[in-house]
Amino acid sequence: MKICVLGGDGYCGWATALYLSKRGHQVAIVDNFLRRQWDFELGVQTLTPIQPLADRLRVWQELTGEAIDLFTGDVTDYEFLSSALAAFHPDAVVHFAEQRSAPYSMIDRKHAVFTQINNVAGTLNLLFSIKELQPDCHLVKLGTMGEYGTPNIDIEEGYIRIEHNGRSDVVPYPKQPGSFYHLSKVHDSHNIMFACKIWKLRATDLNQGVVYGTVTDETALDEALINRFDYDDVFGTVLNRFCVQAAAAHPLTVYGRGGQTRGFLDIRDTVRCIELACLNPANPGECRVFNQFTEQFSVLELAQMVQAAAGKLGVAVKVDHLPTPRVEAEEHYYNAKHSRLLDLGLRPHYLSDSLLDSLMNIAIRYQDRINTSLFLPQVKWQNPHNTLGRTVAPAAVATPGGD
Ligand code: NAD
Ligand code: USQ
């Protein structure tokens, strides 16, 4: 297939682009390197030393003989995006190109506005581009499990049948997101659903859980292909953070009581899920939703697993309970369905099998790059005027339609 990966320089996008290329698909990447700018803005860097995208692509081609096309630009720029799609003419577009950090979206008004404009306008432009240029192209859009929040009932895959006053209907599952970032994904979902209805587009909204790990078969081929591994308090996700904290023998930063339960998946399953969605497209007019995760854990359970894994490597770490900087339930019911990707053939990698290899060993290998000042959370949900002590270049934030 011809598959265009929007956000292909990022964490999930880079691993996906290489995986799809290796599997024989013709791949193009679209990215504007905003993610690298946010590192400069926040004064942080990935644990792993990632190379410029042009170098990554050159090495990939030298090693495999496969070329990946590159379109450098901003998906909120309709002229750019539509010209890239017209030039590449994809069968499927995989859309990762959004601002994906909840804490980043909660820094202050400017970052909240930026996040929602970047994400919602980018997706809206993509819907219009597909409709205008290639209405048969399948949109594979990365949503998030966080769109649902933590309701006191089972979470279905996108839709729920309800009975009300003696009548019954299937309706979109209620959304109770917990940050301006997660809200941007809800707005995207509504726009995608509406576009499928009115223009008969085909779309798969992948409500992905928290991704962990960094190594895939493809990124392991050469040091120049290494993927990013974020562990700072703004972009680092919980399990990646705990492993780096353990490698530095720093107490693990559980927020609150640690009963916050989420769906998780290995990055090697992310890339496979994307391919499965592409190979089995939605029908015209269909907006289907898959919950993309393989296991669910509470934050405290994860901390205890990392503590045990570190212990086996001879590193003793404590588990700290910090006041949560977020507004979130610290204990709650959580049971989310996730059978649709399994039905398509996903064979999951489980955390208990991969934790030591894929995570702790990487964290230990690059431990001389760890900056322990990035471990404690600084962005507080209830403070709409957060200032990050380490912010070095606020002007680096692009604000399309903002300030
Ligand atoms: P990332 O920040 O590492 O990558 C996103 C990429 O998109 C970056 O390379 C960035 O430069 C690019 N980008 C952002 N805005 C752009 C724009 N306007 N124009 C062009 N390029 C732009 O994020 P990630 O962790 O790879 O996440 C990818 C997607 O998956 C996001 O939509 C995220 O919401 C979703 N997701 C991620 C996780 C996770 O745990 N990482 C979990 C669930 C869902
Ligand atoms: N947490 C801790 N300690 C930490 C960091 C986080 O206890 O040091 C807690 C948080 O309070 C939260 C949970 O761990 O309850 C998950 O936080 P996270 O930062 O790992 O994940 P989140 O903010 O939800 O966002 C990440 C990705 C986002 C994606 C989402 C999937 O950054 O792009 O959409 O995971 S989901 O959580 O399913 O919505």
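A polar side-chain atom of N118 lies 2.7 Å from a nitrogen atom of ligand 1. The protein covers 98% of the 820 Å² of accessible area that this ligand has on its own. The model is predicted.

**Around ligand 1**
- The shell holds 28 residues, and C12, D31, N118, Y181 and K185 are the closest.
- By class, 11 of the shell residues are nonpolar, nine are polar and eight are charged.
- At least two shell residues come from each of these elements: α1 (11-22), α2 (34-42), β5 (138-144), α7 (180-199) and β9 (210-212).
- The backbone takes part too. A backbone N or O atom of R35 is 3.0 Å from an oxygen atom of ligand 1.
- A polar backbone atom of V75 lies 3.0 Å from a nitrogen atom of ligand 1.

**Charges over rings**
- R35 also meets an aromatic ring: its charged end sits over the ring of F235, 3.7 Å from the centre.
- The charged end of K2 sits over the ring of F88, 4.9 Å from the centre.

**Aromatic pairs**
- The structure has eight aromatic pairs.
- The ring centres of Y231 and F375 are 6.0 Å apart, and the planes meet at 70 degrees, so this pair is edge-to-face.
- This pair links distant parts of the chain, 144 residues apart. Y231 is in the loop between β9 and α8 (238-247), while F375 is in the segment after α12 (351-365).
- Y231 is buried, because its relative accessible area is 1%. F375 is buried as well, with a value of 0%.
- Ring pairs also join W38, Y104, F114 and F235 into a cluster. F235 is the ring under the charged end of R35.

Notes. Residues numbered from 1 in each chain as written. Chains lettered and ligands numbered in written order. Predicted model: local features only at pLDDT ≥ 70, side-chain atom pairs only at ≥ 80, totals over all residues. Heavy atoms only, no water. Near = heavy atom within 4 Å. Polar contact = N/O pair within 3.5 Å; in protein donor to acceptor, adjacent residues only side chain to side chain. Areas by Shrake-Rupley, 256 points an atom, 1.4 Å probe, with all protein chains shown as cover. Helix = DSSP H or I, 4+ residues; strand = E, 2+ residues; numbered from the N terminus. Nonpolar A, V, L, I, M, F, W, Y, C, P; charged D, E, K, R; others polar. Phe/Tyr/Trp six-rings, centres within 6.5 Å; stacked < 30°, edge-to-face > 60°. Buried < 20%, exposed > 50% of the residue type's maximum accessible area, 1.4 Å probe, protein only. Lys NZ or Arg CZ within 6 Å of the ring centre and 35° of its normal.
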